[in-house]
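Hello,

Here is the structure I promised to hand over. Please open it first, then read my notes below.

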There are 4 protein chains.
Amino acid sequence: MSPPMPSTRLHRVPAAAPDDVSGLERLVADGALDPVGIVAILGKTEGNGCVNDFTRGFATRALADFLSAHVGSERAGGVVLVMSGGTEGALSPHWLVFERMEAGKGPEFPDGSLAIGTCVTRDLLPEEIGRAAQMEVVRAGVLEAMAAAGIASADDVHFVQIKCPLLTSTRIADAASRGRSCTVSDTLKSMGLSRGTSALGIALALEELGAAAVPESAIGRDMSLFSGRASTSAGIELMGHEILVLGMSERWRGPLAVGHAVMRDAIDAAPVRACLDALGVPAGARFEALLAKAEASRSGLVRGARHTMNDDSDISPTRHARAFVAGVLAGLTGTTELFVSGGAEHQGPDGGGPVAVIARRSAP
Amino acid sequence: MSPPMPSTRLHRVPAAAPDDVSGLERLVADGALDPVGIVAILGKTEGNGCVNDFTRGFATRALADFLSAHVGSERAGGVVLVMSGGTEGALSPHWLVFERMEAGKGPEFPDGSLAIGTCVTRDLLPEEIGRAAQMEVVRAGVLEAMAAAGIASADDVHFVQIKCPLLTSTRIADAASRGRSCTVSDTLKSMGLSRGTSALGIALALEELGAAAVPESAIGRDMSLFSGRASTSAGIELMGHEILVLGMSERWRGPLAVGHAVMRDAIDAAPVRACLDALGVPAGARFEALLAKAEASRSGLVRGARHTMNDDSDISPTRHARAFVAGVLAGLTGTTELFVSGGAEHQGPDGGGPVAVIARRSAP
Amino acid sequence: MSPPMPSTRLHRVPAAAPDDVSGLERLVADGALDPVGIVAILGKTEGNGCVNDFTRGFATRALADFLSAHVGSERAGGVVLVMSGGTEGALSPHWLVFERMEAGKGPEFPDGSLAIGTCVTRDLLPEEIGRAAQMEVVRAGVLEAMAAAGIASADDVHFVQIKCPLLTSTRIADAASRGRSCTVSDTLKSMGLSRGTSALGIALALEELGAAAVPESAIGRDMSLFSGRASTSAGIELMGHEILVLGMSERWRGPLAVGHAVMRDAIDAAPVRACLDALGVPAGARFEALLAKAEASRSGLVRGARHTMNDDSDISPTRHARAFVAGVLAGLTGTTELFVSGGAEHQGPDGGGPVAVIARRSAP
Amino acid sequence: MSPPMPSTRLHRVPAAAPDDVSGLERLVADGALDPVGIVAILGKTEGNGCVNDFTRGFATRALADFLSAHVGSERAGGVVLVMSGGTEGALSPHWLVFERMEAGKGPEFPDGSLAIGTCVTRDLLPEEIGRAAQMEVVRAGVLEAMAAAGIASADDVHFVQIKCPLLTSTRIADAASRGRSCTVSDTLKSMGLSRGTSALGIALALEELGAAAVPESAIGRDMSLFSGRASTSAGIELMGHEILVLGMSERWRGPLAVGHAVMRDAIDAAPVRACLDALGVPAGARFEALLAKAEASRSGLVRGARHTMNDDSDISPTRHARAFVAGVLAGLTGTTELFVSGGAEHQGPDGGGPVAVIARRSAP
C-alpha cells in the first residue's frame, strides 16, 4: 500500500475585528477545521499597514491564544502567522487558514496539487535589517520551507509569503547604544527595505537571480532585480521571519491548485485574467483565494501618466497602491476578500507585482 | 443649403499641478484648440477631494485666468469649470476640455453624435444647501443645459456633471447670524448632502423620478432614490451650480459618441465592459474619456463582505472609494486618466454609481 | 483603636507599545505595586483615538491578562480599565495605575486625601447610545462609584473618568435588524454623542445640572450644558461604562491630593496654573499626574481667531485638539506624560475642558 | 538736517482662505498700509505643510496678483513671499506684512528699532538641493539681506526666515534625465534636507558656525550643528530662496522691537517667557507677533518620555510637532495667530527650535 498523500484545506474566514477569531472557533466546533493541521494563518487586518499598525500584533495575539487553547503553546509557536495590515478601498478583513491533512483527501491530479511548507527564521538584530545578512537568512529559510513542503524544484513554487521585521525609533536607538548604525532612520522606509531584502532572498532561493547579481548595494536601489513569486510584509511584532511556501507537487492530492502571474504595472489586468483562465476559473474550477502585492511605481508614472501617490504627505503610497490594485483585482475576481499586501519592493517590476491564485478544481 | 451642424472636440490633457495650464496653452498655440469654443473644462485635481481641498479653487483660478487671457473675462465667466478633487490610487491629474465647434467637422452618423450643453445657476444661501430649494434650482438648470445642447428628450442624455457648493464653518456661522440653521453642522457631511440633492435634481429633470416621489425628507436618507446618469461634485469655491449635460443628438456631427452604465456596487465591472463593447471600444472605436462616481456603500458591505471605509477615521470614505473604483475602471480601460469623482449619494445605487464613456468612432 | 484608613497609591508607568505591561510587572516584582489593590488603570495609547483605534482594545486585552495572572479573572473583571487613544504631538503613552491600600500609609491631612471609587455599568443596546437611557445609566453609576469611594458630597468630587461605548457599522446594522434606529449613522460622530451623553450623566450625579434642565434633545446640541469635572472617552471594546471617581475625603490618608480647573478655551492656561499653585506644585508638593479633556471649539474660533480643525478632512478635529491642548499643558507641567483625552462634548465649555491635577504633598 | 530714518510697520491680518487678501485690500483702502513699502509677506496657510501642500502656491498667486495690481508686476516680484503651510491644532491662518516706511515714524529708542531686509537668490537645480551648493547660495543671500536692512553686525540679527525649494518626483526625474542624481528620492524627506541646508547657510552667515565645521556630509546628519536664529520653510512653488532678515538697528526708528529665544525641546517654555519679559510684554510693551520652529525630536524622546511622532504613518511628524509646539506657545501668548513653522532641522537643537518675538513698545 502506498503511503498516505497529504492534502491542503484552505479556509477563507471573515474577521469582524483584528482579534475576531470567532469564525475560526465555529469551524473547529463544526469539525470543518482541525487545529492540529494548521501550518499557517494569513490575516488581512484593518490597520494602516505601516509602522504604527498595531492591528497586526493584536491579531497575532488573538490567533496565538486561539491556537494555544487548541493545540498547546509549543505547537502553536510553530504556526506561521503573517498579518498584513491595510484593508484600503473595499478590501475585506479576513483570515486565510492553511491546513495540512496528513492523510489527505480528494482526487489525485496528474499535475499534482497545492503543497505548503513553512519556516520560522532566527531573529535579526536591528542593524541587520535591509542588509545582506537578512537576504541570506531568508534564502536559507525559503529552502527549508520548500523541504518541509516536499517541493524539490524551485520551478514548482508559485508564491512565497514572508512576514519580516521593521525598524522603530526604539530599535534604532538600541542598535546605536551598541555602537551599530541601522541602514535607515526613517521607520516607514525601513519597512520597504526589509520587504525588499526579503524578496531578494526569495529570488535567490528560487534561482530567479544568482547570488553574484545581487550585491548589498542593490537593495532598495536597483529595482530591475526582483522575484516574480515573492510577497513580503513587514510587521512591528517580530524580529525574525515567518515563511510560507506555496507550490504544486505530485506528492500532494486534493482539488486545490495554485498558479501565479506578474503584473507589469498597477493596471496590468491581462496576466491575472490569463492565470485565472489557466486554472479554469470560473469554468471548471472555483476561485478560492488571491494573494498579491501592490506598489506605487517609483517612476511616478503608470503607462506614461503621472500619479500622485509618492507626493502625498497625508496618505502613505502603500495605502494608495493597496486600495487601487485591490480595485483592479476585485473587478476581475468579483470579491473583496483578497490578500493584497502593500509594498512590492523587489517583488515584481517597479509599480507592478506578483499575484497568486488558488482555485478548487473538479475531479480530473 | 442646410445649416451647419455643430460638433464636439474633446481634449484630454495632463496637468502637472493644480494650476498647470501649460498643456492647454500648447494646444492653443498649435491650433488644435480654439478657446472661443470652450464650453466646459472638467479637472481632476490632486487635493483630498473633501472640505479643505483648495486644489479645486487653485485650478479654477488658473483656468479662469487662462480663459480670460484668450476670450476676455466676460466670455470666460460663461464656461463651466468643474473641478473634482482627489487622485487617489494611481489616478492621474488631467483636464477634459469640451469644445463646441459651430461649423462642425467630421462624419455624420445615423444615431447622431455627442452633444454638449451647459448652465450656471444662481448662488444658494448656506441654509438652502441639502434642501428642496437646491433640488429645484438644479432641476431647472439641467433643463436649461439640455436646451443649450439642443437635446429634446431626456432619454438622449447620458451624463450630467454638476459642481455644487458645500458648507464651511464660516458659512454655517453666516446663516446663523441671519437666524437660519443649516441642515448639517459637519462640514464634510455637507458635501455629501449637496451632492445628493443635486443628483435628485438631475433625476427629476431626466424624469428618472417624479417630483412626488422625492420629498425633502428623502435627501441623504432614502438611497433607493437615485439618478443613473448623475455625477455631482462639491467644491468650496462656489455657492451656485455649474452644469454640463452630455448626450447624443442627430443635430450634431463628428466621430464622438457617449454611452453610460450603472455599476450596482463597487466591483461591478460587467456593465462598464458592456458599455465599452456597445461603443465599439477598442474594436472600431477608440476610448477617449470616462467619467464615473465612486462611493463607499452605507451598508458596510460589498457582496456580503465587510469593508472598513466607513469606520476609518484616518482616511475619508470618499478617498478610499475613489482609489478602489478607479482601480476597477483602470483595469478595464488601460489608463489612469479617468474622471472618477467621489461621493455618489443618490447617484446610482448605494455603493455603486453611474459611469459615462466617450469614444471616437471611425467613419460610419 | 480607630479603624484603618485607606490610602491611594498612584503609579505613572511608561508603555513602549499598547500591550506593553512590562513596567507594571516590574513594579509588582519590586513590591512597589500590589495587584490586589488595583481598582483602575487608565491608559494613554497610541492609536488615532477615533472609531478604528484598536490600540485601546489591544491594551485592554494585555492589561486583563496581566491582572488575571495576578489576581484571577474574576477579580480582574472588576478593575476599571479606561484606555484613551491618541498620543498626538509629543504626548507619551503611559499607564496610570490607581491602587487602593486598605491599611493606608502616609500622613493624615486636615483636608483629607485622594479618595477613589469605581463602578461598571450594564451594557447598552446600540440604540441607547447618545440618548436619555445612557444618561441615566451613567448618573446612577457615578453615585455608586462615589459610594464605593466613601465620598458623601458631590462637592468633594474633582474628576470623573468614564469609558463609554461607540457605534460601528455592525452595531448600527444590529439595531436595524431589530427594527431600532440609532441616533446617528456616522460612526465617528457616535463617539462624540456617547461622550457627551456620559458627561451630562456625570453633571446630573454631581448636581452641576438638574434633571429638568437636560432634556434628551439637548444632547450634542446645547453645549452650554456641561460638567466641569467630567472626562469621558469612547472605545470600541465595550458596550457598557467603566467609571472612576476621584475626590478628596477625610476618611482617606496619605500624601496624594487632587484638584481641578476648567479651561474656558483651548489656550486658557491661567486656571490650570492656579490649580497647580493651589496644590502647592512645585513648591511643597510634587506633580504626579494630570487628566484633561481637549476639544475643537464648534464656533470655529479661539478668542476670535479662526481655527481650521473642523474643516480638515485629513486629520480628525479630536486629534488636532489633543495635540494642541497637550502642548499648552506640557508647557505648564514640564512633562509629556499627560492623560489628555479628546472629545470634550458637554465636558467644560465649548472648546475648553476640565482638568484634574494630582499632587504629592509633604507631611502637613 | 539728519537723513530720514526708516521704520517698520507690521500688519497681522487674518486670512479666511489661502487666497483671501481681502484683509490686505481693506488696510490699503483705509490708508493703513502702503503697498509700495511692502518688503515681505509671511503667510500661515492651511494646507498640510508637506510636499503636496498647494495652499502655499495658491496664496502666493493671490498675493502676487494683489501686489501687481497695486505696484506693478516688476516691483511685486521683489517682495519676499514666505508661505508656511500647516495650521494644525488651533493655529489661525494669517498674513504678516512687513512694510518699510522710508520716512519712518514713531519714537527713536537708544537700542534702536526693528530693521528688515530681504533677498531673493537664484534658482537651484534639483540636484543642488540638500548639498553644499545650496548652503553657499543661502549664506551669500543672508549677507545681502543684512546689507539691505542696514544691519552691520550678525549679533544684531534676531531671526532669518527663508523659503526654500523641495524635490518632487518630476524634479528628480528631470535631474535624472540630465544624468544627475538628487540627494534623496523621498520627496517628503527632501523638504527636511532643504530646510536644514538653508539653516546651516544662515548659521554660516551669522557666524554661529565656521565654514570648516560644516562639511556637506553633516547636512541632515549632525544635528548638533544648528542656527539659533533660523527659520526655514520648504515650498513646491519655487526653486530659489526668498530671505527675510529681522534685526535691531539704531538706524531705524519706531516702536517695534524684536528678540529671540531658543527652545531646547518641544516643551521648553521658560526661554520664551524670558524673551517676552525682556521685551516688556505685556507690561510696557504689546505682543505683536511670534515666529517659531517646531520639530519632532529624532531621539524619539522629550525629557526622557517617548513620543510617537516619528512612528506615525498617518500624520507626518511635522504636523504633530506644529500642533503641539503651537499649544505651548499659545498658552504663553494668549493668541493662536502664531507663525509656527514645521521642520526645524539644524534650526535649534534636536526637538527644540528658535523663536522670535516682535513687540510694540511705548515711547522710551
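Start at Lys44(D). A polar atom of its side chain lies 2.9 Å from the backbone oxygen of Ser84(D). The side chain of Lys44(D) also reaches the backbone oxygen of Gly85(D), at 3.3 Å. Keep in mind that this is a predicted model.

Where does Lys44(D) sit? Look in strand β2 of chain D, residues 38–45. Lys44(D) is buried, yet it has no salt bridge. The nearest side chain of opposite charge is that of Glu88(D), 5.7 Å away.

Next, go to Thr336(A). This residue lies in a loop of chain A, between α8 (317–333) and β13 (339–342). Is Thr336(A) buried or exposed? It is buried, because its relative accessible area is 2% and the cut-off for buried is under 20%. Which residues does Thr336(A) touch? In chain A they are Ala90(A), Leu91(A) and Ser92(A). In chain B they are Ile267(B), Val302(B), Ala305(B) and Phe324(B). Residues up to four places away in sequence are again not counted.

Now compare chains A and B. A rotation of 180°, with 0.0 Å of shift along its axis, superposes chain B on chain A with an RMSD of 0.0 Å. The two copies are therefore related as by a two-fold rotation axis. Both copies use the same surface: 100% of the contact residues of chain B recur in chain A.

Last, look at where chain D meets chain A. Here 18 residues of chain D are in contact with 18 residues of chain A. The two chains bury about 1500 Å² between them, 33% of it on carbon and sulfur atoms.

Between chain D and chain A, 18 residue pairs are in polar contact. Two salt bridges cross this interface. Arg319(A) forms a salt bridge with Asp314(D), and their closest N and O atoms are 3.4 Å apart. On the side of chain D that touches chain A, α5 (169–177) and α6 (187–205) each give two or more residues. The most come from α6(D), with three residues.

Best wishes

How values were computed: Residues numbered from 1 in each chain as written. Chains lettered and ligands numbered in written order. Predicted model: local features only at pLDDT ≥ 70, side-chain atom pairs only at ≥ 80, totals over all residues. Heavy atoms only, no water. Helix = DSSP H or I, 4+ residues; strand = E, 2+ residues; numbered from the N terminus. Buried < 20%, exposed > 50% of the residue type's maximum accessible area, 1.4 Å probe, protein only. Contact = heavy atoms within 4.5 Å. Lys, Arg positive; Asp, Glu negative; His and termini not counted. Salt bridge = Lys/Arg side-chain N within 4 Å of Asp/Glu carboxyl O. Polar contact = N/O pair within 3.5 Å; in protein donor to acceptor, adjacent residues only side chain to side chain. Least-squares fit on C-alpha atoms with pLDDT ≥ 70 in both. Buried area = accessible area lost by both parts, 1.4 Å probe.
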